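Keep the sequence and the model side by side while you read. The text moves from single residues to helix pairs and then to the sheet.

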Amino acid sequence: MDLIEIPDSEKRRARNLIWNAAGDYGFEPDFKAYDEDGRADLYWNSIIGAVRKNYGQETVDGLLESFQGCKDQALYEELAWLALENAVFLRESPRRPALPSLRRSYARRVLALGHTSDQILNIVESAHFRRALGEEPRLRPGEQKLLDALELPGDLDGPALAARILGALRASFGFIPGETQAAEAKEKKHRFLFGRRRKGSAELPPVRGFAYGFGEHTVSGQGGGREVVPPQRRLTDLNAAQSEAALRTYVQSVFGPPLFGAQQLQELEQALCADDHKGCHLYYARGDDTLDPRVKGYAAAQRKSALNQMAHNREAYEADAVRHRNSILRLTARIRNAMLAYPQPTVVRSASGQLDASRVWRGLYLDDDKVFTRVLRTDPGDISVDLLLDGSTSQTDRQAAVAAQGYMIAESLTRCGIPVRVSSFCSLSGYTIVTRYRDYSETDKNDRVFHYFTTGCNRDGLAIRALGQGLGDSPCEHRIVILLSDAKPNDVAKLVQGDSLLDYAAQNGIENTAREVRALLRQEVSVICVFTGNDEDIPAAHTIYGRDFARIRSLDQFADTVGTLIQNQIRGL
């Protein structure tokens with residue numbers, strides 16, 4: 001194949017297109033797109049710039065770095081760019097009227113090439129752009145699953161988008177960053193030692209890349225600055241158990257050391273990941289702020305991002321420390337007053353008090369002087385509180401605020417002598433991760449709530465079920481659960497109902513979460529929600545929590561709003 005030299009004028013044009021879409025003219029683009037004739041591609045260079053503007057260059061760098069050294073690296077890069085293109089198009093098209101027209105024009109160019117290759121990249125690319133033109137392609141189930149997984153929505157942030165892309169590649173190809181490269185290196189070494197190539201490993205012909213080239217030169221009829229290597233397998237050739245182990249390793253690398261041992265975690269999964277949540281997995285993290293130097297690649301980038309957010313949470317709290325501390329003082333006072341003002345009345349028989357006419361006969365005939373009643377006021381008994389923070393991507397813009405709110409609630413309860421446990425939850429590639437920041441007895445660990453960060457999805461129902469299972473650890477008679485949530489459950493793992501698999505989103509997710517809340521209420525556990533979502537999700541909050549939720553619109557309302565919620569629960573004990 002002949003190399004096409006890219007004229008300097010086209011290089012400059014590509015750079016300007018990217019800069020214009022990114023709204024930033026102070027960087028040198030790592031990627032530039034050209035068509036089959038070596039001209040700067042208007043649509044794809046606009047997409048490259050928009051990806052940088054919306055998701056950050058670190059997202060692209062970290063994602064592509066995770067493919068380094070893999071034999072199917074080029075395939076995964078191309079599929080990743082398809083996913084990025086879909087997400088950023090959905091985000092940018094409402095404010096860029098010309099973008100839909102550019103996309104349709106590009107889609108027609110792709111389909112006009114008429115490639116008939118059965119390689120997965122060509123199949124998925126063609127199907128993707130057929131959909132862009134309003135057509136519905138015919139695909140096999142595995143191809144349909146991959147395409148659906150790659151066509152991501154526009155409301156995700158960079159880390160969540162990268163996580164969803166990696167999840168799609170894992171599901172279809174068994175790719176796990178770092179682990180796949182290690183397995184391939186081991187296999188290559190094995191072939192070398194035995195002096196032979198395994199059956200089925202012969203090179204396949206190259207396939208065309210979807211963007212005609214992200215380099216300063218391109219190969220006629222083939223994309224990529226580097227030569228595109230075709231996929232060597234349609235589905236994973238890694239052992240399923242190895243893939244699960246690799247995913248657990250990745251989760252641990254991002255969220256930190258596990259809270260429970262393997263045996264205890266397995267028992268928890270067997271008990272909790274059933275019926276609606278069958279096939280899901282759990283991981284409990286300690287919630288610390290350590291960085292394992294052995295972690296590399298994309299997982300390391302994600303962990304460093306989380307550590308940066310932890311530092312930012314503290315800085316944001318201290319930046320408004322006076323108001324935060326005043327809120328703690330006011331909330332503490334509200335809780336103490338509630339404990340004193342709403343003791344439980346107990347009616348007892350007495351030798352003095354209010355005459356009980358129905359017992360007068362006992363005084364006459366049985367010489368019983370306790371024919372009076374008296375009301376004793378007692379405290380409501382021991383109370384513990386479990387505080388659960390939604391740690392999904394939908395909370396990204398509120399991370400510092402949610403961390404501050406969690407800390408203020410925990411600190412106020414601690415000052416009142418009420419045991420409190422603080423955790424957060426999110427979901428990633430079928431795993432629901434519960435991160436525990438402090439336990440009931442750790443009265444000096446409230447500042448660990450600032451270790452809160454967001455990523456991935458949120459399977460609220462499974463998280464609430466897991467929290468309910470842990471309430472048996474409470475040292476108290478009465479238990480209150482407080483959730484800081486936007487009442488918007490959404491997870492990539494399906495909801496299992498009989499023989500049907502349903503999307504865990506919208507009404508399905510809301511109804512499942514509501515069922516798990518009702519299960520706690522039947523155990524005489526009080527459940528309240530500090531709502532952190534948008535107006536459009538208030539009906540969902542009503543469905544899940546009934547009347548036991550309140551929305552905080554400003555920090556000045558925080559103490560009164562949360563205090564009233566807690567006061568009402570204490571009154572009802």
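Buried means under 20% relative accessible area, exposed means over 50%, and partly exposed lies in between, with a 1.4 Å probe and protein chains only. Ser 46 counts as buried, because its relative accessibility is 4%. This is a predicted model, in which local features need pLDDT of at least 70 and side-chain atom pairs count only at pLDDT 80 or more, while totals for chains, interfaces and linings use all residues. Residues are numbered from 1 along each chain as its sequence is written, and side-chain values use heavy atoms, with hydrogens and water left out.

Ser 46 lies in helix H2. Helices (H or I, at least four residues) and strands (E, at least two) are DSSP runs, numbered from the N terminus. Contact means heavy atoms within 4.5 Å. Not counting residues up to four places away in sequence, Ser 46 touches Ala 21 and Arg 96.

Now take Glu 58, which has its place in helix H3 (residues 57-65). Is Glu 58 buried or exposed? Glu 58 is exposed, because its relative accessible area is 57%. Pro 159 is 101 residues away along the chain from Glu 58, yet their C-alpha atoms are separated by 9.3 Å.

Next come the helix pairs. Two packed helices are described by the angle between their axes and the distance between the axes. Axes are lines fitted to C-alpha atoms, for helices over the stretch in contact, and angles run from 0 to 180 degrees between N-to-C directions. Angles under 35 degrees count as roughly parallel, over 145 as roughly antiparallel, 65 to 115 as roughly perpendicular, and the rest as oblique.

Helix H2 (residues 42-55) packs with H3 at an angle of about 105°, and their axes are 6 Å apart. H2 is therefore roughly perpendicular to H3. From H2, Val 51, Arg 52 and Tyr 55 take part; they meet Gln 57, Glu 58, Thr 59 and Val 60 in H3. In this classification, Ala, Val, Leu, Ile, Met, Phe, Trp, Tyr, Cys and Pro count as nonpolar, Asp, Glu, Lys and Arg as charged, and the others, Gly among them, as polar. The contact of H2 with H3 has three nonpolar, two polar and two charged residues.

Helix H6 (residues 120-132) packs with helix H5 (residues 98-112). Their angle is about 140°, with the axes 9 Å apart. H5 and H6 are therefore oblique to each other. H5 passes H6 in a left-handed crossing. A crossing is left-handed if the near helix is turned anticlockwise from the far one by less than a right angle, and right-handed if clockwise. On the H5 side are Arg 103, Arg 104, Tyr 106, Ala 107, Val 110 and Leu 111. They meet Glu 125, Ser 126, His 128, Phe 129, Arg 130 and Ala 132 in H6. The contact of H5 with H6 has six nonpolar, two polar and four charged residues.

H6 also meets helix H4 (residues 73-92), where the axes come within 10 Å and cross at roughly 10°. H4 is therefore roughly parallel to H6. Leu 75, Glu 78, Leu 79, Leu 82, Glu 85 and Asn 86 are the H4 residues here, and they meet Ile 120, Leu 121, Val 124, Glu 125, His 128 and Phe 129 in H6. This contact of H4 with H6 divides into seven nonpolar, two polar and three charged residues.

Turn now to the sheet. Two strands pair if DSSP finds at least two bridges between them. Seven strands form an open sheet in the order S3-S9-S8-S7-S10-S13-S14, with mixed pairing. Strand S3 (281-285) and strand S14 (549-551) are the edge strands, each pairing on one side only. From one strand to the next, the twist averages 20°.

Strand S7 (residues 383-390) pairs with S8 in the parallel sense over six bridges. Leu 388 stands opposite Ser 423 in S8. Nine of the nine residues of strand S8 (residues 420-428) are buried, so S8 is largely enclosed by the rest of the structure.

S10 and S13 also pair in the parallel sense, over six bridges. Val 530 in S13 is the bridge partner of Leu 484. Six of the six residues of S13 are buried, so S13 too is largely enclosed by the rest of the structure. Ser 526, Ile 528 and Val 530 point one way, while Val 527, Cys 529 and Phe 531 point the other way.
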